[in-house]
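Please look over the sequence and the model shown here before reading on. The paragraphs below are meant to be read beside them.

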Amino acid sequence: MTDSIHLSDWQANRDRTIDVVCLGRAGVDFYGNTDGADFNAESSFKKCVGGSPANVAIGLAELGAKAGFISCLTDDAQGRYVRHYMENKGVNLDGVTTLTGEYRTSLAVAELRPEPEVVIYRNNAADLALCVEHIDSSYLSNARCLFVSGTALSTSPSREATFCAMQMAQLAGTLVVLDLDYRPYSWASPKDPPHFYRLAASFSDVVIGNREEFEVMGIPHDIEDSHVSAASELLSGSTELVIVKGGAEGCEVFGLDSNDNLSSHSQPIFKVEARKPYGAGDAFAAGLLFGLLNQYCLQDAVALGAANAAINVTGDTCADAMSSLAPLQEFMRNRGYTFTTD
């Protein structure tokens, strides 16, 4: 049960100027305007900001958290658009470096349907040019939490910069959350992710991923309930909370109780009519982190994440579909959820 899971004090460092700094990619998304249409039939698209860590930062800001961001953007129309959008959402961009030259802010083109095709352009991606020199220790020490996307680990120099940020955060007493966010096309070799994911997990208080992503960490496929084995292995180190997402099956939360025994909790989804699947994981992370940092118990924080994900998939983009707090709570109560603090 979640009430038996022993966690670090997520209420600590409340005097810091930023609640969560998100590290990783930000880009431009073009979403089809026609529900259910494939690319051949689509005639127009809606522009919005995308990229998992950017979406999480925006989701946190919409809920009322103080969010920051570490990445690189280009000095061109796309990079300036992303910067303008995120600043207008209230995200602090003091950790963002502007690049010129051959780099490009990422672009994604997506269909608006439950099982869409998404084409992502990541050649010379600006966010993967993040380097150690771009990481400011004072920025991280002023944050209560650092959220890291695993895609930032896929290549150098972003990989070294990400590990640098995670270590700086640890030293500053800043909680570290790793979203595995495995994108096969980002990695040069399938042999690399297990090593770098495991190393990143050793710096992380919380690790989030789906079952396939935990298998990528090196847990053998022939083990029944391999995600449970993965959670147990991670929890034997410095990680305190492992969340395994299962799509329509909801998610499972694993931690250790006060006697260091494995404890778990299952969170079902909030059923809705989804217009698209992407954005759900980002909204989940935003809701979860907001709850943990704002005196919600673990069960309520996970439920906030699940409800936020449900709301997001009913929208026509990821970032614009992030919910604010009052509608999110109302959505949950209208579906019979009772907060433990009510």
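The model is a predicted one, and its secondary structure comes to 10 helices and 13 strands. Because a compact globule of 342 residues would have a radius of gyration near 20 Å, the 19 Å of this chain agrees with such a globule. Along the principal axes, the C-alpha trace spans about 55 × 45 × 45 Å. Of the 342 residues, 55% count as buried, while the chain exposes about 14,100 Å², of which carbon and sulfur atoms supply 48%. When contacts between residues at least 6 apart in sequence are considered, 71% of them join residues at least 24 apart. As for charge, the chain has 24 positive and 44 negative side chains, and the centres of these two sets lie 5 Å apart.

Among the helices, α8 covers residues 280-293, and its 14 residues reach 20 Å from the first C-alpha to the last, close to the 20 Å expected at 1.5 Å a residue. This helix is mostly covered, since 12 of its 14 residues are buried; among them are F284, L288, L289, F290 and L292. After α8 comes Q295, whose phi is positive, near 65 degrees.

The loop between β7 (118-121) and α3 (137-141) holds H134, and N124 is found in the loop between β7 and α3 as well. Because its relative accessibility is 22%, H134 counts as partly exposed, the limit for a buried residue being under 20%. Leaving aside neighbours within four places in sequence, H134 is in contact with C72, T97 and A129. H134 and D94 are 40 residues apart in sequence, and their C-alpha atoms are 11 Å apart in space. N124 has a phi near 50 degrees, a positive value in a residue other than glycine, and with a relative accessible area of 44% N124 is partly exposed.

Is D181, in its own loop, buried or exposed? D181 lies between β9 (175-179) and α5 (192-201), and because its relative accessibility is 6%, D181 counts as buried. Although D181 is not a glycine, its phi is positive, at about 45 degrees.

A further loop, between β8 (143-149) and α4 (158-171), contains P157. The peptide bond that joins S156 and P157 is cis, with an omega of about 5 degrees.

Technical notes:
Residues are numbered from 1 along each chain as its sequence is written. This is a predicted model: local features need pLDDT of at least 70, side-chain atom pairs count only at pLDDT 80 or more; totals for chains, interfaces and linings use all residues. Side-chain values use heavy atoms; hydrogens and water are left out. Helices (H or I, at least four residues) and strands (E, at least two) are DSSP runs, numbered from the N terminus. The radius of gyration is taken over C-alpha atoms; the globule rule is 2.2 Å times the number of residues to the power 0.38. Buried means under 20% relative accessible area, exposed over 50%, partly exposed in between (1.4 Å probe, protein chains only). Contact means heavy atoms within 4.5 Å. Accessible areas come from the Shrake-Rupley method with a 1.4 Å probe; for residues, only the protein chains shown count as cover. Lys and Arg count as positive and Asp and Glu as negative; His and the chain ends are not counted. The place of a charge is taken as NZ of Lys, CZ of Arg, CG of Asp or CD of Glu. The expected span of a helix is 1.5 Å times one less than its number of residues.
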